[in-house]
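Biologist: Thanks for sitting down with me. Could you walk me through this model, starting with its charged side chains?

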Amino acid sequence: MGLDIAKSVFQAHGTDASGKCLLKRKLGRSEVAAFFGKLERCQVILEACGTSHHWARVIREAGHDVKLIPPEMVKPFVKRGKKNDAVDAAAICLAAAHPDTRFVPIKNEEQQSLLSLHSTRSLLVKQLTMTVNALRALAAEFGLTVPVGNSRLSELMAKIEVSHGLPGAMKQTANLLFEQYGRLVESIESLEGRIRIHAKQDEDARRLLTIPGIGPVTASLIVASVTDIGAFDTARHFAAWLGLVPRQHSSGGKTRLGRITKTGNREIRKMLVLGATSMLYRAQKWESAAGAWLCKLLERRPSRLATVALANKLARIIWALLSRKEIYRPAGRSVATA
């Protein structure tokens, strides 16, 4: 049974083992649970998208075998020029029957609630950057500037307060933006505090914290997002899922590699690149085989390319630690206490 989900209208498409269509049914949101409750036990395939994990749990409680399929696996099976809900549901069935199809593990409510902390933090960080830029741009229009850094905003506000020639409306707007900045900082710190508590309590997150360049936010995000590390056969598959491998356009036996694919989880990839960037400035002090490798790489490659290469290496290390249930043991120096 392929189920194309939406906000209020759902389309079901049922087939037998040979692929012959047996059922086509349009369902309202309130009819989904009752429909699958009466249906004979079968395999239900949903496209992994918004609300898909919720509906997967609802249908699984009715006794069905539920699987989530990535959207990119379904797209090639959609009929060209005939896209609608019924065609999408049929394409889900065809994609699920393909032998090379991989499925997405279903997240529970605790994992989704933890991911809500990370998504909210990411949103507030964006709003914080926008607020700071707006405040600096407003002050610059009146000739007031301070050096780069959020810690200098208090200095900027002091300049605005002591400047008697500024219009009152401008000062009120600046104060409003600065107050908004303070509220955002408090909210972000509160969320990060809860994320750090989870990183200290979770066993897998504590393993990841032993890796240089991996902090509590990154460790907690990986544990919450990657429900089953066994879904990736090798460390290369995990790095490829994160989009940290080159894009290929090879033909005729000639290999052509381009920029990284940037597929998979965007937030994890961003955090790994940020962690790799922080380690880039400590490459000389990183006394291990990985540190020596990074120093040699920086001698012949640009820093940004080396950052992405290190992020790829961190992704492979993460896969190894989660798969083997071990801590990071750097080669080339003594092992630190876990």
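This is a predicted model: local features need pLDDT of at least 70, side-chain atom pairs count only at pLDDT 80 or more; totals for chains, interfaces and linings use all residues.

Biologist: Which residue forms a salt bridge with Arg 121?

Modeller: Arg 121 counts as buried, because its relative accessibility is 15%, under the 20% cut-off. Its partner lies in helix H7 (residues 168-201) while Arg 121 lies in helix H5, so the pair ties together parts that are 71 residues apart in sequence. The closest N and O atoms are 3.0 Å apart, and the partner is Glu 192.

Biologist: Where do Arg 207 and Asp 204 lie?

Modeller: Their side chains meet in a salt bridge of 2.7 Å, N to O. Arg 207 is buried at 10% relative accessible area, whereas Asp 204 is partly exposed at 21%. The two are three residues apart, about one turn of the helix, and both lie in helix H8 (residues 203-208).

Biologist: Is Phe 232 buried or exposed?

Modeller: Phe 232 lies in the loop between helix H9 (216-225) and helix H10 (235-241). Leaving out residues up to four places away in sequence, it touches Val 226, His 237, Phe 238, Trp 241 and Trp 319. With 14% relative accessibility, under the 20% limit, Phe 232 counts as buried.

Biologist: Which strands and helices do the buried residues of H2 pack against?

Modeller: Helix H2 covers residues 52-61, and its buried residues are Ser 52, His 53, Trp 55, Ala 56, Arg 57 and Ile 59. After H2 comes Gly 63, with a positive phi near 100°. The packing partners of the buried residues are strands S1 (2-4), S2 (9-15), S4 (43-47) and S5 (65-69), together with helices H1 (32-38) and H5 (109-140).

Biologist: Last one: which residues form the positive surface patch that includes Arg 266?

Modeller: Arg 266 lies in helix H11 (residues 266-280). Its relative accessibility is 66%, over the 50% cut-off, so Arg 266 counts as exposed. The patch is made up of Lys 126, Arg 259, Lys 262 and Arg 266.

Note on methods:
Residues are numbered from 1 along each chain as its sequence is written. Side-chain values use heavy atoms; hydrogens and water are left out. Patches are made of residues with over 30% relative accessible area and no salt bridge: like charges are joined within 9 Å, nonpolar side chains (Val, Leu, Ile, Met, Phe, Trp, Tyr) within 5 Å. Accessible areas come from the Shrake-Rupley method with a 1.4 Å probe; for residues, only the protein chains shown count as cover. A salt bridge is a side-chain nitrogen of Lys or Arg within 4 Å of a carboxyl oxygen of Asp or Glu. Lys and Arg count as positive and Asp and Glu as negative; His and the chain ends are not counted. The place of a charge is taken as NZ of Lys, CZ of Arg, CG of Asp or CD of Glu. Helices (H or I, at least four residues) and strands (E, at least two) are DSSP runs, numbered from the N terminus. Buried means under 20% relative accessible area, exposed over 50%, partly exposed in between (1.4 Å probe, protein chains only). Contact means heavy atoms within 4.5 Å.
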